[in-house]
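Here's a quick look at the charged side chains in this protein. Have the sequence and the 3D view open as you read.

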Amino acid sequence: MESHLAVLLPLAAVWLTAGALADGLPRLDRARTLRRRTGQVLALTVAALGLTAAVGVAGLSADGGTAADRAAAGLALAVVPAGAAAVCAVRRMRRLWAGACAFTTAPDTPAPHGLRAAAAHPLIGLPVQVTGLAILPAVVATAMPELVTRTGAGGPAITVGVLGVAAIGVRHALRHSRLAERAMPERASARTAARPLHV
């Protein structure tokens, strides 16, 4: 096994695991479960960001051609989605976790649709999932170099990747929109209940 593959493979695994758990957040119907799972996703994402930054710094400080340098070069596609995960996803995960913590005194409380809509926001799951997917080409190129060097293999792979990311983004947006629509009657009924009656 190539030495930089031993770095990229677990890094991709951490990102993909965080992305898979983030994808399941909106399906959780209990506030306690949503709080626990959000904490797990947040911890995995922060760990993945730390590992990614460490590999990048090691690659910048190493001489060209070393394993650290090759591993850092493999993260080139993941820089932008990882930045989006650091700026957007982590902040939204912390807000979601804090919102779910409000129900700790009633652990069996169903998760409100508003909380599940926040969990389904594209800026939570999408950057994390795309970062994991963006590391996979470097893993494949290291593990199976003959597949990458084959004539005409790059174009279809890029097309499939772009279409896959677009499909994931559309799925997140539709799910968020659906849950947000379910949360709207809750807000409307709360405003009606709070409005004083005029006699």
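## A first pair

Which residue does the side chain of R175 meet in a salt bridge? The partner is D23, at 3.3 Å from N to O. R175 sits in helix α8 and D23 in helix α1, so this pair ties together parts that are 152 residues apart in sequence. (Helices here are DSSP runs of H or I, at least four residues, numbered from the N terminus.)

## Ground rules

This is a predicted model, where local features need pLDDT of at least 70 and side-chain atom pairs count only at pLDDT 80 or more, while totals for chains, interfaces and linings use all residues. Residues are numbered from 1 along each chain, and side-chain values use heavy atoms, with hydrogens and water left out.

A salt bridge means a side-chain nitrogen of Lys or Arg within 4 Å of a carboxyl oxygen of Asp or Glu. That rule gives three of them.

## The other partners of D23

D23 also pairs with R171, at 2.6 Å from N to O. Helix α1 covers residues 5-23 and helix α8 residues 154-194, so the D23 and R171 pair links parts 148 residues apart in sequence. Then there's R27, whose closest N and O atoms with D23 are 3.8 Å apart. Put together, D23, R27, R171 and R175 form a salt-bridge network.

## Buried or out in the open

Buried means under 20% relative accessible area, exposed over 50%, and partly exposed in between (1.4 Å probe, protein chains only). D23 is buried at 11%, and R175 is buried at 8%. R171 is partly exposed at 38%, whereas R27 is exposed at 53%.

Technical notes
Helix = DSSP H or I, 4+ residues; strand = E, 2+ residues; numbered from the N terminus.
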